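Reader: I've got this one open on my screen and would like a close look at a single part of it. Please give me the overall setting, then zoom in and stay there for a while.

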Amino acid sequence: MHGEYKVPGGKLVVVDLEVVDGSIREFRLAGDFFLEPDDALPLIDQAVDGLPATTDAAGIAAAVRGALPEGAVLLGFTPESVGVAVRRALSRASTWQEYDWEIVHEGPVSPNEHLALDQVLTEEVGAGRRGPTLRIWEWDQPAVVIGSFQSLKNEVDAEGAAKYGVEVVRRISGGGAMFMDAGAIITYSLYVPTDLVQGMTFADSYAYLDEWVIEALKSLGIEAYYQPLNDIASASGKIGGAAQKRLGTGALLHHVTMSYDMDGQKMVEVLRIGREKMSDKGTTSAAKRVDPLRSQTGLARAEIIDRLIGTFTSMYGAHEGHVTEAERARARELVATKFATQEWLERVP
């Protein structure tokens, strides 16, 4: 069995192993990481060899840590990353390069149609009728997208939304509210087989699925990093946030919204951002929590999107694609029967 795990912001961890009578055997660790002293590598191999194949990633990490000699230095990887790689091998996880990726970047549609497309395209990937896909959103109207489990009245100021003509919609994934002014954010969705994140915790999968974005932002001169659980940040402030939904059909939805530009005053008038939420971020101003990509790069939004697409393509290979007429028709049906209904919007009043 073979497993690979690219540590977010770090190096590639590769493991090869066999399972004999329920135990890990013939274990070998490799990768482009750095490890001192040299003789620590066979000690890691010996520590994992013989463990029950049911050992979770934390248990494998503990065995690795316990085998390291005093003063050992690990650069670009951790005992935890070895645990993830082993679990990926045991679950026969796939890698990015095994798929024929499609990138969809089409004209604007309504916020609710975007949310419906997220559900439809995830279902299509799970059913095997569509390959793994990256879709970048375009829209021409302001909206607030609240998480699946958020309270509508607690998150949105109805008077503020009406004042600015902001449509309020609810997505199928959890997480927090997104203020989406037209042309002021960059949002993308990934529709991927769950095999791609086999052996990972939910927390690990967030950073893993956005590794390419971190690389793209760094190429623009932004020292971006992933801040658990689901934030993309820099030293200047938060850039964006991610959310996921696993439909139980063999595929998952992972989508991210990053701020390109922002009207902080409008945002705080539309969103009810509580004092407790502000205090846990170490600031008293909602506007100061977010540092938009425009201020950090000076680039047009389209230029940043081009860099994102170019980085994804260079790392994983991809070709241009489109939403099919059948997929779009199904999405519009879901808008009418689900996403645009008061029952859905007010599912958590």
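**A run of hairpins, and its setting**

Author: The mean positions of the 34 positive and 50 negative charges in the chain lie 6 Å apart. For that count, Lys and Arg are positive and Asp and Glu negative, with His and the chain ends left out; each charge sits at NZ of Lys, CZ of Arg, CG of Asp or CD of Glu. Keep in mind that this is a predicted model, where local features need pLDDT of at least 70 and side-chain atom pairs count only at pLDDT 80 or more, while totals for chains, interfaces and linings use all residues. Numbering starts from 1 along each chain as its sequence is written, and side-chain values use heavy atoms, with hydrogens and water left out.

Now the overall setting. The chain holds 15 helices and 16 strands (DSSP runs numbered from the N terminus: H or I of at least four residues for helices, E of at least two for strands). Its radius of gyration is 22 Å, close to the 20 Å that the globule rule gives for 349 residues, so the chain is as compact as a globular protein of that length. That radius is taken over C-alpha atoms, and the rule is 2.2 Å times the number of residues to the power 0.38. Of the 349 residues, 51% are buried; buried means under 20% relative accessible area, exposed over 50%, and partly exposed in between, with a 1.4 Å probe and protein chains only.

On to the part I'd zoom in on: strand β13 (231–234). How many bridges tie β13 to β12? There are three, and the two strands run antiparallel (strands pair if DSSP finds at least two bridges between them). Tyr 225 has Ala 233 of β13 as its bridge partner, and a hairpin of three residues takes the chain from β12 to β13.

That loop, between β12 (225–227) and β13, is where you'll find Leu 229. The peptide bond from Pro 228 to Leu 229 is cis, with omega near 5°. As a rule, most peptide bonds are trans, and most residues other than glycine have a negative phi.

Then follow the chain onwards. β13 also pairs with strand β14 (residues 237–246), again in the antiparallel sense, over four bridges. Here Ala 233 stands opposite Lys 238 of β14, and two residues lie between β13 and β14 in their hairpin.

What about the faces of the strand? In a regular strand the side chains alternate between the two faces of the sheet. Both faces of β13 are covered: Asp 231 and Ala 233 are buried on one side, and Ile 232 and Ser 234 are buried on the other.

Glu 36 and Pro 37 are joined by a cis peptide bond with omega of about 0°, and Pro 37 sits in the loop between β4 (34–36) and α1 (40–48).

Asp 21 is exposed, with a relative accessible area of 78%, and has a positive phi of about 50° although it is not a glycine.
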